[in-house]
Amino acid sequence: MNNCQFLGKLTHPPETETENGVVVLRFELEIEEFRRDKNGEKKRSLVFLEFEAWDTAALAIEKYAEENSLMLVESSARNFQNAEIVETYFRVNSFKILH
């Protein structure tokens, strides 16, 4: 099953829009990633991922989350193809705002 969990900070205030009569919210999370380099030293880097929430989830995130809110998001990966470019984004299945 295509199921991913991420913990990160909301990069900007969320805003909803309506597509074909359905509420949708697109937002970006800043996620800290830790890896060891060739010398075994732990290195921190930031990854920015795009998410999409629909209907009641979109409205709840817009109402309760704000810029820099810490969120735990369970999602599924989706691909969007535009001409020759394939972009990956994550569709929100559930979330918790941890502030």
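Which side chains meet in a salt bridge at 2.4 Å, N to O? In this predicted model, the side chains of Arg44 and Glu32 form that salt bridge, with 2.4 Å from N to O, where a salt bridge is defined as a side-chain nitrogen of Lys or Arg within 4 Å of a carboxyl oxygen of Asp or Glu. The pair links distant parts of the chain, with Arg44 in strand β4 and Glu32 in strand β3, 12 residues apart. Arg44 counts as exposed at 52% relative accessibility, whereas Glu32, at 44%, counts as partly exposed; buried denotes under 20% relative accessible area, exposed over 50%, and partly exposed the range in between, computed with a 1.4 Å probe on protein chains only.

Because the model is predicted, local features need a pLDDT of at least 70 and side-chain atom pairs count only at pLDDT 80 or more, whereas totals for chains, interfaces and linings use all residues. Residues are numbered from 1 along each chain as its sequence is written, and side-chain values use heavy atoms, with hydrogens and water left out.

Taken along the principal axes, the C-alpha atoms fill a box of roughly 55 × 40 × 25 Å. Of the 99 residues in the protein chain, 26% are buried. Among contacts between residues at least 6 apart in sequence, 54% join residues at least 24 apart, a contact being defined by heavy atoms within 4.5 Å.

When residues up to four places away in sequence are not counted, Phe27 touches Leu10, Leu49, Glu50, Phe51, Ala53, Ile61, Met71 and Val92.

Ala53, located in strand β4, is buried, with a relative accessible area of 0%. Apart from its neighbours within four places in sequence, Ala53 is in contact with Val23, Val24, Leu25, Phe27, Ala58, Ile61 and Val92. The C-alpha atoms of Ala53 and Ser75, 22 residues apart along the chain, are separated by 9.4 Å. Ser75 is placed in strand β5 and counts as buried at 0% relative accessibility. With neighbours within four places in sequence again left aside, the contacts of Ser75 are Asn2, Asn3, Cys4, Phe6, Phe51, Phe90, Arg91, Val92 and Asn93.

A search of the whole structure finds six salt bridges. One of them joins Arg26 to Glu17, the closest N and O atoms being 3.1 Å apart; Arg26 is partly exposed, with a relative accessible area of 37%, and Glu17 is likewise partly exposed, at 41% relative accessibility. A further salt bridge is formed by Arg35 and Glu33, with the closest N and O atoms 3.2 Å apart, Arg35 counting as exposed at 55% relative accessibility and Glu33 as partly exposed, with a relative accessible area of 27%. Salt bridges that share partners join Glu17, Glu19, Arg26, Glu52 and Arg91 into one network.

The largest pocket has a volume of about 180 Å³. On a 1 Å grid over the protein atoms alone, a pocket is an open set of points with protein on both sides within 12 Å along at least five of seven lines, and lining residues have an atom within 4 Å of a point; grid points are joined across faces, edges and corners, and the volume is the space filled by probe spheres set on the points. The lining consists of Arg26, Phe27, Glu50, Phe51, Glu52, Phe80, Glu87, Thr88 and Tyr89, and the elements giving two or more residues to the lining are β3 (22-36), β4 (42-54) and β6 (85-97). By class, the lining has four nonpolar, one polar and four charged residues, with Ala, Val, Leu, Ile, Met, Phe, Trp, Tyr, Cys and Pro counted as nonpolar, Asp, Glu, Lys and Arg as charged, and the others, Gly among them, as polar.

Technical notes:
On a 1 Å grid over the protein atoms alone, a cavity is a set of points where a 1.4 Å probe fits but cannot get out, and a pocket is an open set with protein on both sides within 12 Å along at least five of seven lines; lining residues have an atom within 4 Å of a point. Helices (H or I, at least four residues) and strands (E, at least two) are DSSP runs, numbered from the N terminus.
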